[in-house]
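I opened the model to log what its backbone and packing look like. My notes are in the order I looked things up.

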Amino acid sequence: MAETKPTYYITTPIYYPSGKLHIGNSYTTIACDTLARYKRAMGYDVFFLTGTDEHGLKIEEKAEKLGTDPKSYVDGMAKQIQDLWKLLEISNDKFIRTTDDYHERAVQEIFDRLLKSGDIYLGEYEGWYSVDDEEYFTETQLAKVYRDDNGKVIGGKAPSGHEVELVKEQSYFFKMSKYSDWLYDYYQSHPDFIEPSNRMNEMINNFIKPGLEDLAVSRTSFTWGVPVKSDPKHVVYVWIDALTNYITALGYATGGSEELFNKYWPADVQMVGKEIVRFHTIYWPIILHALGLPLPKKVFGHGWLLMSDDKMSKSKGNVIYPETLVERYGLDAMRYYLVKAMPYGNDGSFTPEDFVARVNYDLANDLGNLLNRTVAMINKYEDGKLPAFKSDVTEFDADLEATAAATIEAYNADMDSLHLSNALGEVWKLVSRTNKYIDETAPWQLAKSEAPEDAEKLASVMAHLAASLRVIASLISPVMTHAPKEIFTQLGLDVASLAIANLKMSDLPAGAQVVAKGTPIFPRVDMDEEIEFLKGKMTKSDKQKGRKAMEAAKHEAEVEHDWDPAQTSLNLTKPEIKIDDFDKVELKVAEVINVQKVKGADKLLQFRLDAGDADHRQILSGIAKWYPEPEDLIGKKVIIVGNLKARKMRGEMSQGMLLSAEHDGQVQLITVPESMVNGSLIS
């Protein structure tokens with residue numbers, strides 16, 4: 001009897017096809033694809049789902065502007081997205097569209113079940129609605145409010161910056177308020193349900209504690225949606241329609257077989273961008289609970305890929321499209337960069353300089369050159385054949401083997417815990433160590449010796465280099481789909497033997513014939529030329545003309561002019577510094593994740609902070625006197641000096657400094673709005 005594989009179900013959000021997807025959109029799908037490939041390699045039976053969310057007023061209006069009908073419009077967009085996933089070699093098992101017949105039938109069935117159970121009721125909705133966000137807002141939730149001469153609110157802007165309009169219509173509502181206490185208790189008993197943990201704190205503090213409101217789940221002001229079966233003038237509003245795709249794709253409530261649903265649900269990981277964490281960790285679990293279904297094991301809310309500390313946005317002209325990067329630099333370079341650039345749960349940052357640097361240094365120099373040198377030396381010193389792997393022949397073998405073993409262990413732990421960027425970082429530690437091993441063993445010197453023991457050492461060095469590259473290629477295979485196969489091919493190894501499970505250096509097969517002449521798998525590029533190319537692809541023109549340019553030049557001249565504080569009434573308590581001095585200080589926004597008093601130190605508080613780094617950082621601050629209940633600071637956004645050299649205080653490491661204000665003997669921590677993104681630079 002065949003052994004049953006453990007299952008692994010992973011989902012991306014379903015993408016709204018209102019425009020072309022950029023690399024920020026592509027990150028989620030590539031990250032999920034990386035996990036799916038890794039789990040398959042580790043022996044799991046994987047089901048990987050992605051798709052498109054195709055209903056709603058925004059789609060209806062978009063199609064009308066383009067002079068077409070909504071279905072024709074979404075058909076074209078869905079094909080465009082599916083073509084993109086093929087280009088990016090996404091290994092999804094299914095692509096769901098919310099216009100699929102089986103999904104629409106299931107949505108109607110689910111809505112009816114919730115209606116009959118009393119979780120959905122008919123009422124009337126009046127409130128502010130953002131078409132772009134597909135979301136309702138109360139007046140107090142609006143970021144900006146417009147009033148007439150009498151002070152009456154006549155419009156405004158959502159927190160996203162999109163305009164809102166007043167909507168008043170009959171609507172069906174879901175009794176979210178009924179399940180508020182249940183959800184809070186579920187969070188407490190399942191602390192790993194939402195990751196990273198600060199996302200759960202946001203949900204509790206911003207939504208559950210203030211009280212959940214019932215959710216409007218139907219609309220009558222447009223028709224592009226799934227009609228309510230018992231009341232067809234209503235169409236099912238976005239959340240029940242969109243969120244249930246994760247179970248209807250498996251056959252739930254479709255009227256057909258539910259074999260896949262019974263096999264794969266609950267999902268192991270549902271990965272989403274942080275802007276839609278609320279819908280997936282409040283609305284979605286409550287809907288599932290009301291249906292009597294288990295909740296997903298984990299919802300992971302990743303950060304944004306930022307451009308110049310701002311979210312990537314077509315309207316701001318700061319996007320870059322994946323097709324551009326793939327065409328010019330190859331798929332592996334783009335996939336590697338996106339996975340490496342996004343730290344666990346925090347925002348990543350795309351800059352042309354960083355992208356080109358990683359292509360040249362990480363890929364071309366570190367990995368590509370390692371392969372080139374290894375193949376060339378095996379051809380030169382071993383007639384092109386891989387020697388048998390033996391340990392402890394040179395004094396450096398053991399350390400390289402230990403590094404490889406530690407890398408494999410750390411890599412697997414990082415992949416299992418969704419620390420994808422860290423996993424790649426571990427692999428590059430082995431890349432770096434292997435390059436160092438070449439310098440330590442100096443094979444060109446061993447080759448000059450006629451001593452038999454040096455010939456044995458030379459063979460061991462070549463075997464260790466090939467073995468290390470075999471391990472590296474295997475570990476990067478979930479991220480990069482071409483380079484690992486090319487590494488195996490150039491080393492004369494069977495590509496079909498690429499594997500991660502039970503990976504060991506010592507399993508290198510002896511006698512394989514390397515290629516006669518290796519070719520660079522990542523050619524170096526011209527830094528300046530490629531940076532300019534990418535800038536031209538991602539930004540709008542910022543050239544100024546006429547009076548505007550003259551004013552800008554005048555302002556720049558004033559800024560650069562040295563100013564003598566002695567000629568003013570400025571009250572300076574420290575010596576004047578120049579802008580170059582100030583520019584050395586890195587000020588960042590950080591969120592207080594935890595804070596407690598330091599044992600044995602009455603004045604010190606120990607802060608754990610999310611400052612957009614790969615991991616949380618710890619800072620000690622002598623402000624305990626002014627904050628007798630320090631836990632009140634949890635969730636606050638503060639400003640830190642991020643590049644202050646770490647130092648020990650009372651045996652604890654402090655990695656930076658918190659900014660505070662002092663007046664008349666009173667100290668107050670400087671806080672910033674909660675809307676500011678962790679890791680944002682203050683300038």
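**Entry: confidence.** The protein chain averages a pLDDT of 89, and 91% of the residues score at least 70. Where pLDDT is low, predicted coordinates should not be read in detail.

**Entry: domains.** I listed four: domain 1 (7-98 + 240-316), domain 2 (106-235), domain 3 (365-513) and domain 4 (579-681). Domain 1 is written as two segments, 7-98 and 240-316. I checked one separation: the C-alpha centres of domain 1 and domain 4 lie 37 Å apart.

**Entry: the sheet of 6 strands.** I read its order as S3-S2-S1-S14-S15-S9, open, with parallel pairing. Which strands stand at the edges? They are S3 (94-97) and S9, and each has a single partner strand, so one side of each lacks a neighbour in the sheet. Glu 195 has Phe 300 of S15 as its bridge partner.

Two helices lie across this sheet. Helix H1 (residues 23-41) covers S1 (7-15), S2 (45-52), S14 and S15, and runs at about 170 degrees to S1. Helix H3 (residues 70-87) lies across S1, S2 and S3, at about 160 degrees to S3.

**Entry: the sheet of 3 strands.** Here I noted the order S11-S13-S12, again open, with antiparallel pairing. S11 (218-219) and S12 (226-228) stand at the edges with a single partner strand each, so one side of each has no neighbour in the sheet. S12 is joined to S13 (residues 231-236) by 3 bridges. Across that pair, Pro 227 stands opposite Val 235. Helix H4 (residues 101-116) packs on the sheet and touches S12 and S13, with a direction about 30 degrees from that of S12.

**Entry: helix pair H5 and H6.** The axes of H5 (residues 180-189) and H6 (residues 197-208) come within 11 Å and cross at roughly 160 degrees. Angles over 145 count as roughly antiparallel, so H5 is roughly antiparallel to H6. The crossing is left-handed. Among the residues in contact, I marked Leu 183, Tyr 184 and Tyr 187 in H5, and Met 200, Met 203 and Ile 204 in H6.

**Entry: helix pair H13 and H17.** H13 (residues 352-382) and H17 (residues 452-476) pack at about 145 degrees, with axes 10 Å apart. This crossing is left-handed. The contact includes Leu 367, Leu 370, Leu 371 and Thr 374 of H13, with Leu 458, Ala 459, Met 462 and Leu 465 of H17.

**Entry: backbone exceptions.** Most residues other than glycine have a negative phi, and most peptide bonds are trans. I searched for departures. The Glu 195 to Pro 196 bond is cis, with omega near -5 degrees. Pro 196 sits in the loop between S9 (194-195) and H6. The Trp 265 to Pro 266 bond is also cis, with omega near 10 degrees. Pro 266 is in the loop between H9 (259-264) and S14 (269-273). Ala 253 has a positive phi, near 60 degrees. I placed Ala 253 in the loop between H8 (245-248) and H9.

Technical notes:
Residues are numbered from 1 along each chain as its sequence is written. This is a predicted model: local features need pLDDT of at least 70, side-chain atom pairs count only at pLDDT 80 or more; totals for chains, interfaces and linings use all residues. Side-chain values use heavy atoms; hydrogens and water are left out. Domain bounds come from an automatic or database domain assignment. Two strands pair if DSSP finds at least two bridges between them. Helices (H or I, at least four residues) and strands (E, at least two) are DSSP runs, numbered from the N terminus. Contact means heavy atoms within 4.5 Å. Axes are lines fitted to C-alpha atoms, for helices over the stretch in contact, and angles run from 0 to 180 degrees between N-to-C directions. pLDDT is the predictor's confidence in each residue, from 0 to 100. Angles under 35 degrees count as roughly parallel, over 145 as roughly antiparallel, 65 to 115 as roughly perpendicular and the rest as oblique. A crossing is left-handed if the near helix is turned anticlockwise from the far one by less than a right angle, and right-handed if clockwise.
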